[in-house]
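This note sets out some points for a colleague who is reading the model alongside the sequence.

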Amino acid sequence: MIENGFNRRDFLKVLGWGGAVVALSGCGNTSVQDGAEIVTSYVEPPEYALPGIGVYFNSTCAQCDAGCSITGRVREGRVLKLEGNASSAINRGKLCGLGQAGVQAHYNPDRVREPLLRNGDKGEAITWDKALGLINEKLNGVKGDEIAFLTGAVSGHVKVLLKNYLEALGSKNHYAYDAVAPSVVRAANKKAYGVEMPRLRLDKAQVVVSFGADFLGAWVSPVHFSQEYAQFRKGSDGARGVLVQIESKMTLTGANADRWIAIRPGTEGILALGVINALDAAGLSLPADVAAVSKAYNAERVSKDTGVSAEQISKLATLLKARTPSLVIAGGAAEGYKHGSQNAAAIALLNRVLGNIGKTIEAPANVPFPQVAVTTGNRSSVQALNDSMANGKLKVLFSYGVNPVFTAPAALKFQDNLKKVSFKVVFANYLDETALAADLVLPLDSALEDWGTAVPEYLVEAAQLNIQQPLMEKLHAGTRGTGDILLALLKQRRANEYKDYEDFYSYLRSAVVKNKSALGGAGADDDTFWGETLSEGLVKLPASNGALSAKSSAAGLVLPAPAEEDSAYPLHLIPAVTANLRDGRHANQPWLQESPDPLTTIVWDSWVELHPKTAAKLGIVEGDIVEVTSRSGSVKAQAYLFPGIHPDAVSIPLGNGHTALGRWAKGVGINAFSLLDQVVDKDTGELALNETRVKIGKTGKRVMIVKDEGAAGGSQAGKKIAVSASTDEVELSGEV
Amino acid sequence: MSVTNLLENWSQFRHGHPVDDKPHEEYKWAMAIDLDACTGCNACSVACYAENNIPVVGKEKFNAGQQMHWMRIERYWPEDGREFADQGAQFLPMMCQQCEAAPCETVCPAGATNHTADGVNSQIYNRCVGSRYCSANCPFKVRYFNWYDYPSTDNVWPAEMTQQLNPDVSVRSKGVMEKCTFCVQRMTAAKNTARNEGRLVRDGEVQTACQQACPTNAISFGNLVDPESKVAKQWAHQQVELSKEVQAKDAQEGGTDLRGYRIMEELRLYPSVMYLERVRESAI
Amino acid sequence: MEKDISESIAWAKINGDVLKSLEAPRKLYWVILVAALTLFGVGLGCEVYQYQIGMGVANLNNPHVWGLYIATFIFWIGMSHSGTLLSAILHLMHADWRKPIYRFAEAMTTFSLMTAGLFVMVHLGRLWQFYYSVPYPNERGLWPNFQSPLLWDAMAIFTYLSSSVIFLFIGMIPDLAICRDHLHEGWRKKLYTILSLGWEGTDRQWRNFRVTYLTVACFLIPLAVSVHSIVASDFAMSQQPGWHVTSFPPYFVAGALYSGCAAIITLFIILRYVFRFEEYMTLPILKKVARLTFAISMVWTYLNAIEFAAVWYSHDQAAKDVLLQKAMGPYAPFWWMMIFCGSVVPLMLAVKRFQTNIPVLFAVSLLLNLGMWLERWMIVAPTFSHGYYPWTWDGFQWPSWVQWGMVFGSFGWFTLLFMLFCKIFPSVSMYEVKEMVYHRSLASKKNELAEKGAH
Amino acid sequence: MHRFLCLSILLVGLFANTGSHATEVPPSISTADDLGPKVEQPIEFPHDRHAGPRNPADAADPSVPAKGGMEINCMYCHTGARRSAVAAIPPLQKCVGCHQTINSVRETPRIQKLFEYWDAKKPVPWKKVHDLPDFVRFNHERHIQRFVFAQNKPVQEACGYCHGDVKTMTVARRQKSLSMGWCVSCHEKDHPVDVAATKTTHGPNDCWQCHK
């Protein structure tokens with residue numbers, strides 16, 4: 001067991017263990033060698049670390065905000081591979097590809113290794129003392145509201161320190177930004193159920209109807225949902241759950257649906273009301289307020305507006321009526337419009353009508369320590385920040401964990417406005433686009449080197465405090481943990497309060513240990529409790545589940561008619577959030593670039609998805625380089641014909657198109673954020689991701705698309721390779 | 001291997017047919033992949049890269065068809081000319097099927113690929129001369145050749161990246177063939193522990209990297225000889241037998257209501273991987 | 001009847017004419033030699049590059065793991081069959097018109113085998129470990145996989161190569177003695193002295209010589225058949241659609257004889273021109289070779305048709321797909337070209353006028369060889385691009401310049417060896433031509449006598 | 001003709017005979033000592049002083065150090081051998097642990113060097129002596145469990161199978177060839193499974209056991 005952090009750091013030392021370390025070039029030398037390699041042994045060995053045997057440490061995955069717990073396999077002091085930590089209810093021992101690639105974020109050769117100060121166009125390496133001193137100096141005489149801190153979603157003790165630091169500076173400007181967050185759905189959920197993110201019990205549902213929520217791919221907590229999805233599919237004794245996905249561009253979840261329904265972009269809410277109408281017709285009694293709204297949405301009208309056949313709608317209604325409980329989820333495809341909130345609200349009504357609230361939609365666990373609970377990111381924050389920068393109100397900006405220069409929609413002109421801030425400090429692992437625009441870059445420890453805690457947004461069963469701890473010693477002497485930096489900055493302001501804490505580790509330890517009785521460690525001595533916490537990798541917080549306040553109401557629901565034809569820009573652009581690249585921060589992890597996109601099997605590039613019908617109309621064939629132009633920008637990329645997209649839409653995946661971020665990201669593909677118009681959801685002010693209209697033109701160039709699928713495309717050529725059967729052909733009960 | 005060893009254990013090293021020649025005594029590693037659970041998320045494939053020191057070849061070489069993914073996720077579309085893929089796609093994780101009567105084994109001139117007593121198709125990198133005959137004769141084309149010397153290629157494992165390499169797995173240099181090994185390093189480690197304790201490996205004690213990562217538990221892996229193992233139960237329930245080339249499902253006119261099948265059974269390769277059909281709801 | 005050879009050539013003239021080919025070469029010879037050397041240099045450069053960087057530079061991939069190397073390998077193995085056909089088979093059949101031309105055909109056998117062997121080597125991913133596939137006693141007690149057709153292949157080729165070298169050498173002994181006796185001092189004299197093994201032309205030596213030559217000839221014929229059958233087994237013993245064909249061995253042997261004959265016509269014409277062998281390599285002989293080639297081409301065409309029919313009427317859908325892919329897919333131009341060159345062009349040889357028309361024959365023979373090379377490529381490549389597994393199908397894998405460089409380099413290497421051989425050893429068998437002239441003059445004398453007697 | 005027949009029969013016979021001979025009797029594997037080169041170590045560690053016999057029965061025996069050894073069990077220092085694939089070089093702490101209290105040799109140059117490393121908290125850069133190629137998976141644990149624990153062989157004998165007579169060496173030096181043929185020669189033999197030797201079995205014979 002681990003006694004304390006300092007010794008532990010010692011244990012994490014990397015050993016040279018000759019051939020056992022790196023079996024490079026396994027087929028080179030074929031005979032025994034004497035004295036060619038050096039073996040390094042420990043000076044003082046830890047009890048349990050034996051060369052040649054893997055040791056496992058638990059920590060938390062930092063690749064996305066889902067908060068999966070991980071177990072790192074460490075050998076001779078090097079972390080080799082990440083697995084899921086089975087004791088976490090979120091991922092239950094499983095880990096997605098993105099999480100697996102965490103080691104590549106850690107060992108990435110393009111990490112920033114020392115603090116860099118802008119000197120003209122170059123970054124000049126400076127010492128930490130100088131860097132921190134400089135920040136102190138620049139903050140002198142600056143008013144609190146001239147200082148802003150931009151972060152991603154943030155939780156745990158880093159959040160506490162961050163809050164305290166801003167308080168010490170007298171600033172209230174904390175902007176939490178997440179370019180692809182489900183922020184409209186959160187707001188709609190809050191209205192409908194009283195909570196932003198209720199627990200969605202896929203495992204309990206018989207039918208799941210998802211309006212564009214890619215919960216198996218990139219939405220909220222995909223590993224957890226995948227686990228539940230497996231249970232949902234298995235059902236109890238063969239009663240297999242049915243998944244219906246309604247969206248304009250097929251997501252990974254859509255690809256797994258029993259029925260994938262292509263809908264005209266933006267009409268998701270209309271369809272939801274249409275289904276309610278059909279349920280009414282099928283004999284389900286509706287609450288009066290709902291019936292009042294839904295009666296206008298008869299099958300004929302809905303079918304005309306959405307492009308979904310009346311037969312399909314009635315089939316869906318029949319299914320929903322027959323099999324309960326069901327679960328209806330609103331996701332990215334539904335919320336990304338001017339009327340996104342309305343869409344989401346209409347979809348939430350469906351849950352109410354079907355009586356799912358309380359059955360498959362449950363209240364999430366309360367986090368007993370609100371100061372460590374997550375502050376989720378949204379898109380309106382970056383807009384607000386941009387406004388204040390544009391007005392010249394900001395003098396000092398800190399940025400941590402986000403890359404707004406890359407992800408802010410082109411229409412905001414974020415990069416230009418950023419120049420108006422006189423001193424920009426960026427906490428960075430790599431020199432991304434935002435770090436390159438900074439005046440001072442503070443190099444961070446990787447997630448596998450740093451201490452921290454996190455409370456995930458989507459909680460399962462009980463709330464949990466995830467522990468993030470170093471899995472190995474620092475690769476680079478010049479990097480520092482986020483918490484350590486914040487603590488040092490805080491000490492500049494409130495030296496007295498924090499004088500007891502030598503570093504963030506001691507702060508964290510005392511903060512956790514102080515509350516041990518509330519954390520289930522009553523009676524244990526500090527060291528034991530702390531040791532157990534670290535070895536578990538998480539602390540279950542005492543359970544106190546909140547309640548849902550089902551106040552979903554049809555009143556005030558206004559759904560606009562389907563968007564009119566726009567002759568100049570006839571197509572809807574649907575920027576796709578892919579499981580691997582998300583908002584682009586992972587583009588420099590080669591496993592993710594080389595891992596084919598599940599639906600198109602394209603690697604190392606961006607592409608434009610088009611329905612074959614649309615392509616035929618425009619005379620485009622696969623591999624044509626097309627120019628996609630919106631009112632805000634234009635990009636050129638290869639066209640890919642895709643049977644999973646509405647003919648009125650085109651889709652470009654997000655995440656690629658970096659002009660920085662190191663050798664594996666720079667120059668790969670194009671950046672779809674640079675096309676986005678600044679159109680917002682009316683209720684929440686959130687950027688409407690799918691509201692950008694584009695036109696497509698051929699450039700006359702054609703390339704071979706680099707993808708895994710061969711010349712046969714997705715055809716099995718009549719062979720029995722990937723076989724599927726319909727439910728009436730198979731008997732699932734009794735399966736092992 | 002020595003001639004005496006080769007002759008005495010011929011039926012172990014080369015199977016013509018799984019049972020007739022020699023039954024597996026202690027272990028027969030096998031897999032079952034439930035396509036209804038598989039979502040095509042690629043976690044298995046990335047886990048495989050991480051576990052097995054698979055080089056990332058980059059765009060140019062990927063374009064040349066020289067990618068090295070031991071486990072690839074294939075994506076098929078319905079082929080009846082419908083306007084939309086309105087029943088989704090069909091994903092299939094494909095890796096070495098560890099055939100009992102493996103066509104690759106018989107043709108290798110150097111004897112670098114053999115059948116182990118555990119019923120797995122071994123690949124001995126250092127014995128490989130690189131004739132690529134095995135790949136030529138593999139119906140699934142799941143063998144991957146080191147067209148370049150990846151350890152010394154730029155940006156494959158630069159600088160600190162080498163520290164991630166798994167010391168239990170060789171890093172392959174140019175000119176050798178490689179493929180899925182069912183994570184032999186994990187099996188060897190588990191067998192070691194078991195032998196020290198004088199027992200056999202228990203079900204669940206050894207997981208392949210893909211199985212361990214799979215978020216939907218679509219992959220199960222274990223010892224087919226042990227009737228209590230999950231994988232053996234799955235095979236038994238689906239009435240898929242290792243040594244048959246026509247399973248109950250296909251033997252019957254119109255099929256049965258079972259889901260288990262192996263790919264290209266008609267070639268009589270007796271693969272060790274059983275797939276379970278993807279299911280689609282007929283009511284919607 | 002036309003005369004294969006004039007019966008009035010003096011023996012000394014034969015010696016003189018043939019030995020002249022060993023003297024200081026004409027300019028044309030140098031041109032060919034330098035061209036061959038250049039080509040070989042290019043091929044060598046490509047191999048060095050490929051060896052250093054990896055097989056990837058050849059633009060091979062999964063599933064196209066073999067490419068032109070193996071196709072060209074079969075092509076060269078095929079070429080080697082001509083020598084055996086002319087020396088051994090026709091020898092046993094007492095077709096004595098073969099006598100002026102069999103020597104160079106045999107040399108061709110040897111050199112094309114040596115060329116083919118190179119391709120086995122260059123296609124290996126780890127050339128430096130090639131000995132792992134050779135059975136040799138070692139302390140590890142390891143042996144190659146005797147089940148692998150590739151291993152039989154290596155053995156068959158090696159046996160065939162060594163036997164044909166022996167055959168070539170034995171057949172040359174009396175001629176080497178002539179060379180020895182006609183040359184002045186120098187390294188060549190020493191070489192011939194050693195190689196002629198003290199040949200004096202005694203009765204006993206001639207008797208032993210005849211028996212040995214005959215037995216080696218008998219030994220060689222099954223070898224020749226087996227070597228190409230085994231090369232065919234590389235494919236036929238595999239499980240791939242388009243390869244797993246029972247008729248492959250005879251088909252390969254026929255193809256081999258075919259390309260060999262075509263190559264003989266080509267070299268016949270070149271040698272006749274370069275070394276001025278018009279009196280020995282006469283048009284009537286050329287005509288016979290042309291007719292022989294025509295006959296074999298029809299056999300090949302027939303076997304080809306059988307193969308297609310067998311595939312078509314089998315219920316092997318995968319093999320059928322490959323066949324369709326050949327005829328209609330991206331490889332179609334090459335495949336139809338192969339059919340054209342292999343089955344249509346030889347019809348020209350049926351026309352009497354063309355059978356002695358040297359420019360036409362030269363062009364035809366080149367086309368036939370092109371066709372036969374394409375045939376080998378069309379055996380190897382389409383199966384890779386359209387195998388059992390649709391996911392890995394690809395449209396077309398165009399070989400990189402490295403592959404082409406080595407293919408052309410191999411022609412350079414072959415020509416180089418052949419040209420050197422022609423300068424060092426008599427490329428027309430002097431003693432057998434003498435025999436032939438003698439037999440012809442005897443025959444004509446007999447005829448004369450008979451005619452006289454009749455009167 | 002019959003002469004030819006005789007000749008060919010003779011030749012074929014000869015070939016077949018040598019062939020079969022070659023397959024049956026592989027070239028002899030050197031099981032005798034195959035001394036590796038001397039390896040310069042940062043500290044010249046005297047294995048004989050640590051592992052050699054305590055009381056030299058015969059002072060004239062050159063294999064026994066004049067002062068006598070300590071008869072320390074190999075696994076006292078190489079602790080990994082019984083529980084890990086690698087035997088492991090002992091950590092510095094282990095050396096110092098004893099040597100702190102052994103004042104008699106405290107001032108010798110070797111021990112001074114040792115303490116220099118210790119004071120600097122730097123590991124000693126030992127050179128690897130028994131360095132198998134990187135594609136070989138050799139597991140100390142299995143061999144020790146098998147021969148020392150299951151079969152009750154003396155430790156030094158069991159280790160000595162591969163490492164030679166280390167107790168007579170100063171700086172360890174490879175004594176066996178450790179080539180594949182050498183490994184296989186032992187794996188092919190039947191060894192008793194336990195002390196009672198009721199059952200014997202040979203080492204694993206499939207390639208994957210040792211090749212990774």
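The numbered points below describe selected features of the model.

1. Basis of the description. The model is predicted, with local features needing pLDDT of at least 70 and side-chain atom pairs counting only at pLDDT 80 or more, while totals for chains, interfaces and linings use all residues. Residues are numbered from 1 along each chain as its sequence is written, and chains are lettered from A and ligands numbered from 1 in the order in which they are written.

2. The contact between chains A and B. Here 77 residues of chain B contact 85 residues of chain A, two residues being in contact if their C-beta atoms, placed from the backbone, lie within 7 Å. Elements of chain B that each supply at least two residues to this side include helix H4 (43-52), helix H5 (59-63), helix H10 (230-237) and strand E11 (278-280). Helices (H or I, at least four residues) and strands (E, at least two) are DSSP runs, numbered from the N terminus. H4(B) gives the largest share, seven residues. By class, the side of chain B that touches chain A has 35 nonpolar, 24 polar and 18 charged residues; Ala, Val, Leu, Ile, Met, Phe, Trp, Tyr, Cys and Pro count as nonpolar, Asp, Glu, Lys and Arg as charged, and the others, Gly among them, as polar.

3. Strand E27 (residues 724-726) of chain A runs parallel to E11(B), and three bridges join them. Ser726(A) has Arg280(B) as its bridge partner in E11(B). Two strands pair if DSSP finds at least two bridges between them.

4. The three-stranded sheet of chain A. The strands follow the order E2-E3-E4 in an open sheet with antiparallel pairing. Strand E2 (55-60) and E4 of chain A each have a single partner strand and stand at the edges, so one side of each lacks a neighbour in the sheet. From one strand to the next, the twist averages 30°; axes are lines fitted to C-alpha atoms, for helices over the stretch in contact, and angles run from 0 to 180 degrees between N-to-C directions. Strand E3 (residues 69-75) of chain A is joined to E4(A) by six bridges, and Val74(A) has Val79(A) as its bridge partner in E4(A).

5. Ser88(A) lies in the loop between strand E4 (78-84) and helix H3 (97-100) of chain A. Is Ser88(A) buried or exposed? Ser88(A) counts as buried because it has 28 C-beta neighbours inside 10 Å; the cut-offs are 20 or more other C-beta atoms within 10 Å for buried, 12 or fewer for exposed, and in between for partly exposed, with C-beta atoms placed from the backbone. Leaving aside residues up to four places away in sequence, Ser88(A) touches Cys68(A), Ser69(A) and Leu538(A).

6. The seven-stranded sheet of chain A. This open sheet has the order E6-E5-E17-E16-E15-E7-E8 and mixed pairing. Strand E6 (122-125) and strand E8 (174-176) of chain A are the edge strands, each pairing on one side only. Neighbouring strands are turned by 20° against each other on average, direction ignored. Helix H16 (residues 380-390) of chain A packs on the sheet and touches strand E7 (147-151) and E8, and its direction makes about 140° with that of E8(A).

7. A buried strand of chain A. In strand E22 (residues 607-610) of chain A, Trp607(A) and Glu609(A) point one way and Val608(A) and Leu610(A) the other way, and all are buried. E22(A) pairs with strand E24 (residues 634-641) of chain A in the parallel sense over four bridges; Trp607(A) stands opposite Gln638(A) in E24(A).

8. A helix pair in chain C. The axes of helix H3 (residues 67-79) and helix H9 (residues 248-274) of chain C come within 7 Å and cross at roughly 70°. H3(C) is therefore roughly perpendicular to H9(C); angles under 35 degrees count as roughly parallel, over 145 as roughly antiparallel, 65 to 115 as roughly perpendicular and the rest as oblique. Residues making the contact include Phe75(C) and Gly78(C) of H3(C) and Gly255(C) and Ala263(C) of H9(C). The contact has five nonpolar, four polar and no charged residues.
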